[in-house]
Amino acid sequence: MEFLEVFSRILGSAVIFATPLIFTALGGVFSERSGVINIGLEGLMIMGAFVGIVFNLTFHTVFGAATPWISMLAAVIVSALFSLVHAAASITFRADQVVSGVAINFLALGIGLFLTKQWYDKGQTDFIKQPFYSSDVPVLNNIPIVGEMLFSGWYWTSYLAIAMAFAAWFVLYKTPFGLRLRSVGEHPMAADTNGIHVYRMRYIGVMISGALGGLGGSVYAMTVALNFSHGTILGQGFISLAAVIFGKWHPLGALGAAIFFGFAQSLSIVSSDIAFLEDVPSVFMLIAPYVLTILALAGFIGRAEAPKSLGEAYIKGNR
Amino acid sequence: MFSNRMINILIPVLSVILGLVAGAVIMLVFGYNPLDGFAALWKGAFGDSYFFGETIRQVTPYILSGLAVAFALRSGLLNIGVEGQVFVGWLASVWIGISFELPMVVHLPLAITAAAFAGAAWGFIPGLLKAKLGVHEVIVTIMMNYIALYVSNAVIRSLLTDGADRTENIAATASLKSEWLAEMTFYSRIHYGFIIAIAMAVVMWFILNRTTKGFELRAVGFNQHASNYAGMNVGRNIITAMVISGAFAGLAGAMEGLGTFGFMSIKSGFTNIGFDGIAVALLGANTAVGVVLAAFLFGILKIGALNMPTEAGVPTELVEIIIALIIFFVASSYMIRWVLLRFKKEGK
């Protein structure tokens with residue numbers, strides 16, 4: 001039983017860390033599948049975290065227990081709109097997509113901190129009063145072993161994230177919309193010839209990534225961080241980007257990669273309590289996700305094929 | 001009316017103007033007086049010799065990180081890993097600085113060289129992966145940034161100290177600090193590193209424009225296939241570019257380690273020297289002169305901004321927004337070019 005107990009503890013905290021990564025990575029999949037590199041996932045998460053926290057602080061007396069969910073929705077909408085900046089620059093103005101993404105990261109942090117100073121007159125916001133709470137799933141949590149591991153003490157957002165991954169898979173691979181989105185990322189000219197609006201599809205792809213990045217950021221902020229400061233989102237966006245690539249640009253792959261990275265992150269935190277990991281310096285746990293991503297890219301863990309025209313601006317009429 | 005060359009100069013200038021105008025608009029929207037805001041910024045950067053010293057201090061690493069990004073970009077590589085290369089350079093320089101007792105003529109150059117080598121090694125890995133396996137350097141360098149951050153922290157905590165949050169101060173023989181410069185500027189943290197930064201700008205110009213290797217590096221940046229056809233070893237050039245770029249970045253770290261701080265502490269996040277270097281390089285159009293000018297601009301903005309809350313009540317972070325917008329405008333040069341060419345047509 002000892003092992004199961006430890007395992008369920010690690011799993012529990014891994015899922016908490018993985019949930020925001022799953023959302024954001026799924027967003028990344030949509031954007032990159034449509035052919036737009038999104039280094040700005042970090043910035044989109046920052047925006048989501050900022051909006052989620054501010055909305056929560058402002059309206060928690062109005063909405064009561066529903067506040068985190070509504071704040072989450074607000075973060076989704078604002079981040080989707082914010083991602084339009086990246087879309088406009090990299091699709092319409094043919095900016096270098098990586099550079100534009102880097103600028104998104106600067107801009108989100110700048111705006112977030114500027115407004116925090118402006119509205120709260122200090123470097124970070126107060127702690128929110130209505131965070132997400134973990135809960136047990138009724139009925140299912142009575143199943144022996146599995147019930148304890150998967151259905152007690154989890155956050156509803158985690159189930160949402162996993163469901164969202166399957167939904168994303170369905171949308172991308174089983175609907176005409178998904179086919180169009182993918183075709184725009186593979187061969188935009190062929191798609192254009194077939195009457196698909198390349199620019200429109202790419203805008204949609206980037207905006208979905210904005211929405212999901214905002215979702216991820218707000219969930220992280222309202223589950224783990226509980227306030228907004230310059231250090232609230234610290235690399236989670238880049239880890240999500242790694243999950244996109246590690247998962248080979250596939251929603252379910254991204255889901256698996258995000259859970260794996262969640263594991264790695266939680267291991268670095270809980271490893272001190274676990275007998276056989278006690279002696280491993282935490283630095284190895286901390287760098288594991290990044291080292292593994294590099295190894296994966298180098299082809300040691302199966303070659304990752306990016307969408308064909310990823311990173312290239314589509315110029316109508318160019319051959 | 002607008003030649004190509006002129007447009008290339010106009011784009012960064014217009015981007016800066018647009019960025020500043022946007023900053024002014026934001027100040028207006030939030031009820032500040034933009035003139036007060038910019039006046040405070042100007043005073044914060046040049047108001048007295050202390051501020052001026054601090055501005056130069058800030059410009060120094062920016063020049064080097066800008067050169068790092070620009071050098072790689074000239075070979076067609078986007079080195080987002082400057083941040084991590086700065087970290088390892090900083091760590092290496094401090095490591096040498098605290099663990100040896102040598103005369104200054106040996107110690108200081110040794111510490112600086114170590115930083116350059118550390119940065120170069122950190123740049124070598126993504127370069128090698130790109131050259132041999134075709135792995136995209138952007139993702140690898142991002143990952144290397146985090147590895148550098150956590151490894152440096154671990155080294156400081158467990159190798160250089162006994163669980164402390166910062167290393168001891170480096171020996172005076174490894175320091176770039178300058179008594180008379182500091183005295184002249186009311187004890188700002190200005191240091192001799194500035195000379196190194198300028199020298200490196202000259203080195204970059206020389207390598208790229210006056211040597212065969214530089215010609216090859218630029219050729220690979222323009223067209224890999226053509227370079228390959230002309231008998232150049234594309235892979236080796238990619239690795240060389242990343243190694244030199246990493247060395248510049250490592251030196252930027254040495255500026256912080258040997259000049260500004262004289263120690264290294266545990267960091268919870270990035271210093272942003274590397275990320276700001278991307279902005280510097282882009283604005284400087286990837287040329288040595290451009291990078292130096294752009295580094296000055298961003299150094300002035302960053303240091304000047306610190307004075308904005310006290311004198312004009314404007315939050316410092318406004319400058320981050322302005323810098324982000326400047327990058328957007330430079331990156332979206334297609335838009336500016338399009339507008340300029342429209343004017344040109346109508347002018348006829």
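Colleague: Leaving aside neighbours within four places in sequence, which residues is Asp192(A) in contact with?

Modeller: Val198(A), Tyr314(A) and Lys316(A). Keep in mind that this is a predicted model.

Colleague: And what joins the side chains of Asp192(A) and Lys316(A)?

Modeller: A polar contact of 3.2 Å. Asp192(A) itself sits in helix H8 of chain A, residues 188-193.

Colleague: Is Asp192(A) buried or exposed?

Modeller: Buried, because its relative accessibility is 18% and the cut-off for buried is under 20%.

Colleague: OK, Thr125(A) next. Where does Thr125(A) lie?

Modeller: In chain A, in the loop between helix H4 (97-120) and helix H5 (146-150). Thr125(A) has 3% relative accessibility, so it counts as buried.

Colleague: What does the side chain of Thr125(A) reach?

Modeller: The backbone nitrogen of Phe228(A), at 2.9 Å. Not counting residues up to four places away in sequence, Thr125(A) also touches Ile53(A), Leu57(A), Thr116(A), Tyr120(A) and Asn227(A), with Phe228(A) on that list too.

Colleague: Now Ala25(A). Which helix is Ala25(A) found in?

Modeller: H1 of chain A, residues 2-33. Ala25(A) is buried, at 0% relative accessibility.

Colleague: And which residues does Ala25(A) touch, not counting those up to four places away in sequence?

Modeller: Ser240(A), Ala243(A), Val244(A) and Ala254(A). There's also Pro251(A), 226 residues from Ala25(A) along the chain, with a C-alpha separation of 8.1 Å between the two.

Colleague: Switching to backbone angles in chain B: what is phi of Phe186(B)?

Modeller: It's near 50°, a positive value in a residue other than glycine. Most residues other than glycine have a negative phi. Phe186(B) belongs to the loop between helix H7 (179-184) and helix H8 (193-210) of chain B, and it is exposed, with a relative accessible area of 59%.

Colleague: What about phi of Ala285(B)?

Modeller: Near 55°, and positive as well. You'll find Ala285(B) in the loop between helix H12 (273-283) and helix H13 (288-305) of chain B. At 45% relative accessibility, Ala285(B) is partly exposed.

Colleague: Helix packing, then. At what angle do H4(A) and H15(B) pack?

Modeller: About 160°, with the axes 8 Å apart. H4(A) and H15(B) are therefore roughly antiparallel to each other, and the crossing is left-handed.

Colleague: Which residues in H4(A) meet H15(B)?

Modeller: Among them are Val99(A), Ala103(A), Leu107(A), Gly110(A) and Phe114(A). From H15(B), the residues they meet include Glu320(B), Ala324(B) and Phe328(B). By class, the contact of H4(A) with H15(B) has 14 nonpolar, 2 polar and 1 charged.

Colleague: And within chain B, how do helix H1 and helix H15 pack?

Modeller: H1 (residues 4-29) and H15 (residues 318-331) pack at about 140°, with their axes 8 Å apart. That angle makes H1(B) oblique to H15(B). Their crossing is right-handed.

Colleague: Which residues make the contact of H1(B) and H15(B)?

Modeller: On H1(B), they include Ser15(B), Leu18(B), Gly19(B), Ala22(B) and Met27(B). On H15(B), Ile322(B), Leu325(B), Ile326(B) and Phe329(B) are among them.

Colleague: How many charged residues does that contact of H1(B) with H15(B) have?

Modeller: None; there are 13 nonpolar and 3 polar residues.

Methods. Residues numbered from 1 in each chain as written. Chains lettered and ligands numbered in written order. Predicted model: local features only at pLDDT ≥ 70, side-chain atom pairs only at ≥ 80, totals over all residues. Heavy atoms only, no water. Axes fitted to C-alpha atoms, helices over the stretch in contact; angles between N-to-C directions. Helix = DSSP H or I, 4+ residues; strand = E, 2+ residues; numbered from the N terminus. Parallel < 35°, antiparallel > 145°, perpendicular 65-115°, else oblique. Left-handed = near helix turned anticlockwise from the far one by under 90°. Contact = heavy atoms within 4.5 Å. Nonpolar A, V, L, I, M, F, W, Y, C, P; charged D, E, K, R; others polar. Buried < 20%, exposed > 50% of the residue type's maximum accessible area, 1.4 Å probe, protein only. Polar contact = N/O pair within 3.5 Å; in protein donor to acceptor, adjacent residues only side chain to side chain.
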